[in-house]
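Trainee: Could you take me through the salt bridges in this model, and then show me what surrounds them? I'd like the close-up with its cut-offs spelled out.

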Amino acid sequence: MKKYLLSFAVVMMGAAFLTACTNDDNNSNSGGSAYLSTSGALIINNGSASSSIDGSLTFMDLSTNPAGVQQNVYKNANGTSLGGTPNDVIVHGDKIYIAGCDENTVFVLNRKTFKQIKRISTTDALGTAEGVSPRHLIGYADKVYVTTYGGYVAVVDTASLSITNKYKVGSAPEGMGLGSNDSKLYLYVANSDYGNGNGSISIINLSDGSINEFKNEMIHNPQELAIAGTDIYVLDWGTYDENWNQVNAGVYKISGNTVTKVVPDATGMATYGSAILTFNYPWGAKEPTYSYYDIVYNQLSSIKFVGGNPIQSPAAIAIDPNTGYIFIASRDMNPDTGYPSYTTPGYLNIYDPTFNFYGTTSYATGVEPHAIAFSYEVKVVNY
């Protein structure tokens, strides 16, 4: 895939750490110029627990155009699957980490072969109640952090592949973000409170282990975070009225003790540089809408993605920070009901940084695509 630079101003977002480069990929020499190449994209698919469809992992080989796609690439010598509702995937170092929600497991795979290296039981390490339902992952240096619905963040040591520490946070934590301030590293955690409306943000000082909790009447059901300096950008799913209409969903900016809604009506978010891209597709919506928010200029614009098979029911969005290309995964639609299908494979579109369809085709995913991660390699152009 050719490199295409976004025209967005570059401001480091806390969740955008490139951690996939490893020594075994770096074959540079004095006679060439090394560059970072996006080698692949990984899509974690929830499956459908109610229909006994296990979750799965899709791999897109981005070294070709069109990309080569492999379904169900998770490989375990025992023949078992990822189980029900795997919820997140990241590439960190030379390994892939998957949060197996229904299995109470962090799956660790070889980045190149997808073979299982280890299964880490969060309930064995933290306790049955504390380690239940691992949800989201984020990696930094020699650690991978994972939230559990038991109200904890577990710390996985990437050398021993064991849980070596834990932090007590708020109710039903979901996504995380990393940021630094005063030469200290902080982990920010979105506590969703299971959508009951009493959400919060936990702030973990990784230097000394202290934890503070931020609450505000505007924060109800936080799901994802991005950090820019000392500001926190929160994707919040809001609340539901008596008719199950989603209200108050959007992106909120927390600056000190002040909370401001900067993107109204958003249910999905991706960040890159100073840009926050969102989609809005609440339950019962006829079609999605999209927005672009610039955090530097505090400007919000509606956008449209042009070309290709239209995204009808967006389920995941990600921006490759190496190229600026935008990946959006969609559920399939049931033609009989006009509503999304939760039992048939979905699909994924790639768009360039000007929001135009890239390539010639959409790509198949598994059932209920949910999260997207990227894999990188260092390549060398010889003179």
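Mentor: Start with Lys95 and Asp94, whose side chains meet in a salt bridge at 3.1 Å, N to O. By salt bridge I mean a side-chain nitrogen of Lys or Arg within 4 Å of a carboxyl oxygen of Asp or Glu. Lys95 counts as buried, at 15% relative accessibility, while Asp94 is partly exposed at 36%. Here buried means under 20% relative accessible area, exposed means over 50%, and partly exposed is in between (1.4 Å probe, protein chains only).

Keep in mind that this is a predicted model: local features need pLDDT of at least 70, side-chain atom pairs count only at pLDDT 80 or more, and totals for chains, interfaces and linings use all residues. Residues are numbered from 1 along each chain as its sequence is written, and side-chain values use heavy atoms, with hydrogens and water left out.

Searching the whole structure turns up six salt bridges. Another one pairs Asp157 with Lys143, with the closest N and O atoms 3.9 Å apart. Asp157 sits in strand E10 (residues 152-157) and Lys143 in strand E9 (residues 143-148), so this pair ties together parts that are 14 residues apart in sequence. Strands here are DSSP runs of E, at least two residues long, numbered from the N terminus. Asp157 is buried, with a relative accessible area of 14%. Asp142 joins in as well: Asp142, Lys143 and Asp157 are linked in a network of salt bridges.

Next, look at Asp231 and Lys253, where the closest N and O atoms are also 3.9 Å apart. This pair links distant parts of the chain, with Asp231 in strand E17 (residues 231-236) and Lys253 in strand E20, 22 residues apart. Asp231 is buried at 16%, and Lys253 is partly exposed at 22%.

What do E17 and E20 belong to? They are in an open, antiparallel sheet of four strands, ordered E16-E17-E20-E21. E16 (222-228) and E21 (258-264) stand at the edges with a single partner strand each, so one side of each has no neighbour in the sheet. From one strand to the next, the twist averages 25°; that angle comes from axes fitted to C-alpha atoms, for helices over the stretch in contact, and runs from 0 to 180 degrees between N-to-C directions. Strands pair if DSSP finds at least two bridges between them. E20 (residues 250-255) is joined to E21 by six bridges, and one of the E20 residues, Val251, has Val263 of E21 as its bridge partner.

Thr38 is buried, with a relative accessible area of 7%. Its side chain makes polar contacts with the side chains of Asp320 at 2.7 Å and Asn322 at 3.0 Å. A polar contact is a pair of N or O atoms within 3.5 Å; within protein, one must be able to donate a hydrogen and the other to accept it, and residues adjacent in sequence count only if both atoms are side-chain atoms. Leaving aside neighbours within four places in sequence, Thr38 also touches residues including Leu62, Phe374 and Tyr376, contact being heavy atoms within 4.5 Å.
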